[in-house]
Amino acid sequence: WDDEFVVIWKQEDSLGGFETEILAEVFGTSDNESTSLADVISLATGFGKTVSKPTVSTSSDFDSGFIVAWEESNITADSKDVAFRTVYGDLNVSSMQIVNDVAGQQGDPYVAFLSQENFVIAFESNDNNNNNVGTVG
């Protein structure tokens, strides 16, 4: 393959978004043709919560894989968090991790791959009274 790339998206169920999912698919290009290299990867499923605003960053050589972060909102409680997963070059997927060492609500994530095993996630954070809004990374 000349180049590889990943496409991520949010998919809602037929019930109007009660259950949402973050999905990814890896493609390769050769001679201006794109071909799927693997099955669609389910990264997050929200039942009783919504998952949205996915963001992705790949390693410079793509062999180290990619990182996907997203926002999770609890439907029954007024809370939201940022979660992420790593998809390695062999397409094995890490367990989901929640960014939870920051008090209050987190959302609107942005992820950047820094090197083979290092990345940063920046996100908006505020306390539950809508005070102290800022960006954390």
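Reply: Two strands count as paired if DSSP finds at least two bridges between them. Please keep in mind that the model is predicted.

Me: In what order do the 4 strands of the open sheet stand, and which strands stand at its edges?

Reply: The pairing in this open sheet is antiparallel, and its 4 strands follow the order S5-S6-S7-S8. Strand S5 (49-58) and strand S8 (97-99) each have a single partner strand, so one side of each is left without a neighbour in the sheet. Neighbouring strands here are turned against each other by 30° on average, with direction ignored. The order asked for is therefore S5-S6-S7-S8, and the edge strands are S5 and S8.

Me: How many bridges join S7 to S8?

Reply: Strand S7 (residues 79-87) and S8 run antiparallel, and within this pairing Ala-83 stands opposite Ile-98 in S8. The number of bridges that join them is 3.

Me: Is Ser-73 buried or exposed?

Reply: Ser-73 belongs to strand S6 (residues 66-74), and beyond its neighbours within four places in sequence it is in contact with Lys-49, Thr-50, Ser-79 and Lys-80. The cut-off for a buried residue is under 20% relative accessible area. Because the relative accessibility of Ser-73 is 18%, this residue counts as buried.

Me: Which residue in the turn between S2 and S3 has a positive phi?

Reply: S2 and strand S3 (residues 33-36) pair in the antiparallel sense over 4 bridges, and Ser-30 has Glu-33 in S3 as its bridge partner. The two strands form a hairpin with 2 residues between them, and the turn residue with a positive phi, about 50°, is Asp-31.

Key
Residues are numbered from 1 along each chain as its sequence is written. This is a predicted model: local features need pLDDT of at least 70, side-chain atom pairs count only at pLDDT 80 or more; totals for chains, interfaces and linings use all residues. Side-chain values use heavy atoms; hydrogens and water are left out. Buried means under 20% relative accessible area, exposed over 50%, partly exposed in between (1.4 Å probe, protein chains only). Contact means heavy atoms within 4.5 Å. Axes are lines fitted to C-alpha atoms, for helices over the stretch in contact, and angles run from 0 to 180 degrees between N-to-C directions.
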